Amino acid sequence: MILNTSKNKRANLTRQRNGIKREGAAGWMFVLPFLLLFTFVFIIPLVYSMYISFFGHQLIGGTVFVGAKNYLELLRDPLLWQGIARVLIFTAIQVPLMLIISICLALAIDSKRLYGTNWCRISIFIPYAVPGVISTLMWGFILGTRYGLFKNFNEISHTDINPFSPSFIMISIGVMISWAAIGYNMLIFYSSLKAISPDLYEAAVIDGASYRQIDRYIKLPEIRGSLAITTIFSIIGSVQLFNEPQILSQMVGGTGITTSWTPNLYIYNLAFGDSSQGYAAAAALIMAIIVIVVTFTIQIRNMRKNVTAD
């Protein structure tokens with residue numbers, strides 16, 4: 001009897017182990033396609049970029065190993081740091097304004113005091129679906145002084161306003177990016193607002209809270225997590241500024257956009273214009289580190305605020 005009981009226990013343990021192994025294998029089979037795609041799309045290019053960043057191209061001798069020389073030269077490269085400073089200033093102004101507009105639109109649509117909210121939500125989001133190249137070309141024709149809206153405006157008002165002059169080019173690019181991204185961010189904020197329990201609104205109304213007080217003390221605190229996510233995504237997108245200045249520099253003259261106007265433009269021209277792939281890879285890695293540090297800092301601050309609020 002005792003022998004049979006021990007045999008049954010061992011058999012049950014063996015079946016449990018086999019079941020766990022099968023479940024584990026099934027789980028890995030589901031994850032395997034993503035792991036393969038992630039490896040080929042992200043890991044391998046990253047490792048290769050790190051590898052070639054230690055090499056340099058010379059007229060005599062071709063590609064040679066230079067160690068950390070590329071990184072040391074980048075630390076003293078004024079063109080790269082001027083581009084980084086320009087992009088950081090652009091981000092510090094454009095991202096907050098864009099997010100404030102997105103929050104206001106989300107609050108307006110969620111208030112249920114507007115007519116045609118479904119149409120407004122869709123129409124505001126549609127620009128996000130327009131490819132960046134097409135969007136830039138469209139705004140180039142709208143804001144151009146040789147054709148389009150501003151040409152007619154200057155003729156009627158007898159002015160000479162050029163939105164693509166060096167003094168206004170940053171503002172024009174900010175308008176282009178904001179036009180495309182406001183709808184996406186608005187939808188994230190609106191989704192967070194729809195997740196708030198109606199009981200909170202009912203309790204606030206019973207206590208005599210006004211619409212402004214409901215927005216300030218109920219809605220705005222609830223979208224704090226969404227605000228952190230949209231801030232991170234917006235910063236990453238602004239730092240990677242490339243399409244707009246690249247197209248406008250060829251489409252419109254006198255913009256002041258150079259080959260090093262933004263870090264991405266500078267890296268692109270180094271890699272494909274000067275054949276300095278190693279130097280460009282090192283610059284790209286430095287930019288990646290800067291973006292990671294900034295986004296990680298924002299995430300840590302948001303986590304600390306959530307802990308304090310709780």
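**Exercise 1. Find the helix that holds Thr295, decide whether this residue is buried or exposed, and find the backbone oxygen its side chain reaches.**

*Solution.* Start with the placement: Thr295 sits in helix 13 of this predicted model. Next, check the accessibility. Thr295 comes out at 13% relative accessibility, so it counts as buried, the cut-off being under 20%. Now follow the side chain: it gets to the backbone oxygen of Val291, at 2.9 Å. To put that in context, residues three or four places apart in an α-helix point the same way, because there are 3.6 residues a turn.

**Exercise 2. Work out which helix gives the largest share of the lining of the largest pocket, and why this pocket lies between two domains.**

*Solution.* Begin with the space itself, a volume of about 670 Å³. Then list the lining: there are 23 residues, with Gln240, Ala284, Leu285, Met287 and Ala288 nearest the centre. Sort them by element. At least two residues each come from helix 1 (2-52), helix 10 (224-239), helix 12 (263-272) and helix 13 (277-309). Helix 13 takes the largest share, with 10 residues. Last, bring in the domains: domain 1 (3-53) and domain 2 (69-308) both contribute to the lining, so the pocket lies between them.

**Exercise 3. Describe the second largest pocket: how much space it has, what lines it, and how its lining residues divide by class.**

*Solution.* The volume is about 550 Å³. Of the 23 lining residues, Tyr128, Ile177, Ala180, Ala181 and Gly237 are the closest to the centre of this second pocket. Going by element, two or more residues each come from helix 3 (78-110), helix 5 (132-143), helix 7 (169-194), helix 10 and helix 11 (243-251). Helix 7 gives the largest share, six residues. Sorted by class, the lining of the second largest pocket holds 13 nonpolar residues, nine polar ones and one charged.

**Exercise 4. Trace helix 3 from start to end: what contact is found at its start, how far does it reach, and which residue follows it?**

*Solution.* At the start of helix 3, look for Asp77: one of its side-chain oxygens comes to within 3.1 Å of the backbone nitrogen of Leu79. Then take the span. With 33 residues, helix 3 reaches 47 Å from its first C-alpha to its last, close to the 48 Å expected at 1.5 Å a residue. Finally, step past the end, where Lys112 follows with a positive phi, near 65°.

Conventions
Residues numbered from 1 in each chain as written. Predicted model: local features only at pLDDT ≥ 70, side-chain atom pairs only at ≥ 80, totals over all residues. Heavy atoms only, no water. 1 Å grid on protein atoms, 1.4 Å probe; cavity = no way out; pocket = protein on both sides within 12 Å on 5 of 7 lines; lining within 4 Å. Points joined across faces, edges and corners; volume = space filled by probe spheres on them. Helix = DSSP H or I, 4+ residues; strand = E, 2+ residues; numbered from the N terminus. Domains from an automatic or database assignment. Nonpolar A, V, L, I, M, F, W, Y, C, P; charged D, E, K, R; others polar. Expected span 1.5 Å × (residues − 1). Polar contact = N/O pair within 3.5 Å; in protein donor to acceptor, adjacent residues only side chain to side chain. Buried < 20%, exposed > 50% of the residue type's maximum accessible area, 1.4 Å probe, protein only.
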